Amino acid sequence: MPKALSAWPARIDLLQSLSGLLLVLFIWAHMFFESSILLGEDAMYQVSRMFEGEPLFGKPYPLLVSAVGITVFVLVAVHAILALRKFPSSSRQYRQLHRHMGAIRHPDTALWYAQVITGFCLFFLVPTHLYTVITQPENIGPYASSDRVWSERFWIVYALLLLTVHVHAAIGVYRLAMKWYAPSGVNATRNRARLKLAMWCILGFFIVLGTASLLTYMRIGYQHADRAGERYVPAALHTEDS
Ligand code: HEM
């Protein structure tokens with residue numbers, strides 16, 4: 001009797017796709033909240049207090065932010081462990097891959113390889129950011145974040161993280177669509193080209209949004225450098241106090 005095929009490889013593949021999709025949705029939402037700094041310091045202040053539960057509980061609980069940070073970290077770890085099995089594992093495999101890529105010049109294989117490289121960089125960049133988020137959740141706000149970005153030189157981590165995470169996420173979504181929706185039929189070529197165009201547009205959008213926000217945090221941090229460590233107090237509270 002033929003041996004039954006195991007369903008596990010398919011389940012693991014599905015889990016990898018699902019964890020990747022959740023992470024992409026998280027990072028896209030994160031970019032909108034974090035870029036509230038473009039609307040002004042008060043807007044970013046309100047968003048930070050909202051994530052600390054202040055509108056719900058009447059006072060801020062930064063531990064809520066740590067809890068989200070830990071959840072995201074676990075999701076990243078699961079996704080990374082599942083992805084590791086797809087990495088080439090020896091110099092011989094890398095040599096074969098390079099030879100193969102040079103010979104066939106297949107754009108989607110190049111995209112897959114870009115995902116392997118950015119995924120590897122994210123192993124180092126994501127924990128650096130999540131460590132500060134988890135251990136210092138109270139230090140998120142217009143001045144606290146800008147001081148970190150400028151005075152603590154975190155702009156270097158963020159510039160690298162911005163580029164790698166969005167290249168990884170945009171290619172990831174494109175590859176998810178190709179895998180689970182797989183354009184076929186008469187319009188397959190046109191639909192594939194559209195998916196790829198959407199991938200480049202999404203990537204361009206988040207790089208522009210993230211760069212604009214990062215430059216704004218850098219500017220505020222630069223202007224606030226000699227008062228680094230001081231917390232932002234919204235204009236409305238200033239007036240109430242005086
Ligand atoms: C609960 C988890 C997270 C929270 C609360 C959070 C919060 C923040 C905040 C407040 C900033 C502004 C700078 C600062 O305060 O240091 C920031 C920047 C950034 N974060 Fe996160 N983050 C989280 C997870 C992640 C993850 C998992 C990634 C990527 C995989 C990520 C990617 C980025 C990038 C690329 C920037 C710079 C954005 C820019 O250039 O404008 N974050 N994050």
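**Helical architecture and ligand surroundings of the predicted model**

Ala 182 has 10 C-beta neighbours inside 10 Å and so counts as exposed; a residue is called exposed when 12 or fewer other C-beta atoms lie within 10 Å of its own, buried when there are 20 or more, and partly exposed in between, with C-beta atoms placed from the backbone. The structure is a predicted model, in which local features need pLDDT of at least 70 and side-chain atom pairs count only at pLDDT 80 or more, while totals for chains, interfaces and linings use all residues. Residue numbers start from 1 along each chain, as its sequence is written.

In Ala 182, phi is positive at about 40°, although the residue is not a glycine.

Turning to the overall fold, the protein contains 10 helices and zero strands, where helices (H or I, at least four residues) and strands (E, at least two) are DSSP runs numbered from the N terminus. Along the principal axes, the C-alpha atoms fill a box of roughly 80 × 40 × 40 Å. Of the 242 residues, 21% count as buried. Among contacts between residues at least 6 apart in sequence, 80% join residues at least 24 apart; a contact here requires C-beta atoms, placed from the backbone, within 7 Å of each other.

Around the ligand lie 24 residues, of which Ser 145, Tyr 158, Gly 210, Ser 213 and Leu 214 come nearest. Two or more residues of this shell are given by each of α1 (8-34), α4 (63-84), α6 (107-135), α7 (142-150), α8 (155-180) and α9 (188-223). A residue belongs to the surroundings of a molecule if its C-beta atom, placed from the backbone, lies within 6 Å of that molecule. By residue class, the shell holds 16 nonpolar, six polar and two charged residues, with Ala, Val, Leu, Ile, Met, Phe, Trp, Tyr, Cys and Pro taken as nonpolar, Asp, Glu, Lys and Arg as charged, and the others, Gly among them, as polar.

Tyr 158 also features in the largest nonpolar core, a set of 22 residues in which Tyr 158 and Ala 170 touch the most other members. At least two residues of this core come from each of α2, α6, α7, α8 and α9, and α8 supplies the largest share, 10 residues. Such a core is a set of buried Ala, Val, Leu, Ile, Met, Phe, Trp, Tyr and Cys residues joined through C-beta atoms within 7 Å. Beyond its neighbours within four places in sequence, Tyr 158 is in contact with Val 149 and Leu 214. With the same exclusion, Trp 155 is in contact with Val 149, Trp 150, Leu 214 and Met 218. Trp 155 lies in helix α8 and is partly exposed, having 18 other C-beta atoms within 10 Å.

In α2 (residues 41-51), Met 44, Tyr 45 and Ser 48 are buried. These residues cover an arc of only 105° around the axis, and therefore sit on the same side of α2; the arc is taken over the directions from the helix axis to the C-beta atoms. The partner against which the buried residues of α2 pack is α7. After α2 comes Gly 53, with a positive phi near 80°.

For α5 (residues 91-104), none of the 14 residues is buried, so this helix lies largely in the open. At 1.5 Å a residue, α5 should span 20 Å, which agrees with the 20 Å between its end C-alpha atoms; the expected span is 1.5 Å times one less than the number of residues. Just after α5, Arg 105 takes a positive phi of about 45°.

Finally, Ala 80 in helix α4 is partly exposed, with 16 other C-beta atoms within 10 Å. The C-alpha atoms of Ala 80 and Gly 20 are 9.3 Å apart in space, although 60 residues separate the two in sequence.

Definitions and conventions:
Two residues are in contact if their C-beta atoms, placed from the backbone, lie within 7 Å.
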